[in-house]
Amino acid sequence: MSPTKTCGISLWRIIDLNFASDNAGPAAPEAMDAIARANTGYAGSYGADAWMESATSKFREVFESPDAAVYLVATGTAANSLSLACLSRPWSAIYCHRHSHVEEDECGGPEFFTGGSKLVLLDGDHAKIDPSNLERAIETTALVGVHNVQMGPLSITNATENGAVYSCGEVSELTSIAARHELPSHMDGARFANAVARLRCSPADLSWKAGIDILSFGGTKNGLIGAEAVVIFDKEKAWEFELRRKRAGHLFSKHRYLSAQMDAYLEDDLWLKLAGRANRAADRLAKALQAIPGVQLEHPVEANMVFASWPRRGHRRAANAGAKYYLWPFSQCFEGDGEEPLSARLVCNWSTEDEEIDRFAELLDGS
């Protein structure tokens with residue numbers, strides 16, 4: 001990238017260096033256009049609109065599931081918590097990774113909406129549940145009967161909070177363990193699009209064909225505005241979800257503005273195209289960082305997130321230049337020995353540009 005000249009001084013053109021979150025990125029133009037088109041005349045409320053009918057039909061086609069029930073909510077927390085409430089009882093265990101979003105980032109939402117289910121935290125590399133740990137946890141649940149929580153659903157995050165992706169086989173292995181104990185399975189798919197785009201598999205193969213009963217299908221992190229879907233493959237849970245959604249305050253009266261976005265999102269695989277852009281940006285960022293002495297990747301780069309560590313002095317340069325990202329974990333500090341490595345999370349989104357990535361890498365490299 002070439003610098004511009006101002007009063008004889010070379011200055012870099014102002015570029016956003018924002019890798020804080022895919023939530024920080026803009027809405028996709030297609031989503032904005034869909035809202036504008038829907039904002040004409042009258043339409044049925046609470047989901048009784050033509051866009052929702054079209055979106056539901058597209059979901060069923062995309063997921064090869066003609067009986068799938070589809071509902072929209074505004075947040076991933078609502079999608080996950082209401083889904084798990086349909087699969088749990090207040091005295092249930094919910095088996096999830098120690099670093100899952102339902103554990104770390106939802107302020108007890110799953111426990112609240114389930115009426116008290118207990119999250120049983122499992123370990124595994126890169127925030128992926130180790131099957132042996134799941135088997136052990138299930139088998140040691142409720143050993144003294146009424147005095148313990150009882151066995152409950154499995155919740156898998158794909159892509160994980162550390163940017164790794166479960167393959168179809170890995171999902172099937174985990175859900176098969178749950179199924180042997182007659183337990184249902186939920187998938188937190190806030191970045192499901194990134195996982196499917198990376199694997200180039202069918203959405204069906206990564207969801208219900210792999211044993212998932214309810215999928216939280218993300219939109220907001222991938223270019224939509226407050227629109228998430230819950231796809232229920234076990235249709236017996238559909239009415240319960242409708243009731244829970246209403247009680248939770250997530251049944252929108254002017255629903256068409258969510259419906260229109262989701263309908264556009266599924267048109268011509270826009271959801272996969274947007275996720276593919278974000279994934280490719282993360283690949284470029286990872287490659288650029290790996291070329292810098294002192295930078296180490298902490299996790300595989302399989303979705304749109306890069307976890308890496310580098311000396312504190314590089315973090316200071318980036319921060320002083322206006323770069324935004326999170327130190328990961330948060331307990332680290334910019335103050336201290338300049339050579340000490342600090343780890344960070346960098347998230348790309350559909351709109352991340354090559355110039356942003358290249359400039360960020362130059363900052364870390366000291367040039």
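## Close-up views of the predicted model

**Beyond its neighbours within four places in sequence, Thr141 is in contact with Tyr95, Val149, Gln150 and Met151.** Contact here means heavy atoms within 4.5 Å. This is a predicted model, in which local features need pLDDT of at least 70 and side-chain atom pairs count only at pLDDT 80 or more, while totals for chains, interfaces and linings use all residues. Residues are numbered from 1 along each chain as its sequence is written, and side-chain values use heavy atoms, with hydrogens and water left out. To find Thr141, look in the loop between α6 (131-139) and β6 (154-157). Helices (H or I, at least four residues) and strands (E, at least two) are DSSP runs, numbered from the N terminus. Thr141 counts as buried because its relative accessibility is 13%; buried means under 20% relative accessible area, exposed over 50%, and partly exposed in between (1.4 Å probe, protein chains only). Its side chain makes a polar contact with the side chain of Tyr95 at 2.7 Å. The side chain of Thr141 also reaches the backbone oxygen of Ala137, at 2.7 Å. A polar contact is a pair of N or O atoms within 3.5 Å; within protein, one must be able to donate a hydrogen and the other to accept it, and residues adjacent in sequence count only if both atoms are side-chain atoms.

**Gln261 is a buried residue of helix α10.** The relative accessible area of Gln261 is 2%. A polar atom of its side chain lies 3.0 Å from the backbone oxygen of Tyr257. Setting aside residues up to four places away in sequence, Gln261 touches Ala31, Ala34, Ile35, Leu224, Ile225 and Ala227. How many residues of α10 are buried? The count is 11 of the 11, so the helix is largely enclosed by the rest of the structure. Among these buried residues are Arg256, Ser259 and Asp263.

**Helix α10 (residues 256-266) packs against helix α11 (residues 270-290) at an angle of about 75°.** Two packed helices are described by the angle between their axes and the distance between the axes. For α10 and α11, the axes are 5 Å apart. The angle makes α10 roughly perpendicular to α11. Axes are lines fitted to C-alpha atoms, for helices over the stretch in contact, and angles run from 0 to 180 degrees between N-to-C directions. Angles under 35 degrees count as roughly parallel, over 145 as roughly antiparallel, 65 to 115 as roughly perpendicular and the rest as oblique. Which residues meet here? From α10 come Ala264, Tyr265 and Leu266, and from α11 come Leu270, Trp271 and Leu274. Sorted by class, this contact has six nonpolar, no polar and no charged residues. In that sorting, Ala, Val, Leu, Ile, Met, Phe, Trp, Tyr, Cys and Pro count as nonpolar, Asp, Glu, Lys and Arg as charged, and the others, Gly among them, as polar.

**Four strands make up an open antiparallel sheet, in the order β10-β11-β13-β12.** At the edges stand β10 (296-297) and β12 (326-327), each with a single partner strand, so one side of each has no neighbour in the sheet. α11 packs on the sheet, where it touches β10, β11 (305-311) and β13, and its direction makes about 20° with that of β11. Helix α12 (residues 312-320) lies across β11, β12 and β13, running at about 115° to β11. Strand β13 (residues 341-347) pairs with β12 in the antiparallel sense over two bridges; two strands pair if DSSP finds at least two bridges between them. Follow Tyr326 to its bridge partner in β13, which is Arg345.

Most residues other than glycine have a negative phi, and most peptide bonds are trans. The peptide bond from Trp328 to Pro329 is cis, with omega near 10°, and Pro329 sits in the loop between β12 and β13. Another cis bond runs from Asn158 to Ala159, with omega near 5°; Ala159 belongs to the loop between β6 and α7 (168-180). Glu64 is not a glycine, yet its phi is positive, about 55°. Find Glu64 in the loop between α2 (50-62) and β3 (69-73), where it counts as partly exposed at 40% relative accessibility. His126, not a glycine either, has a positive phi of about 60°. The loop between β5 (118-122) and α6 holds His126, which is partly exposed at 28% relative accessibility.
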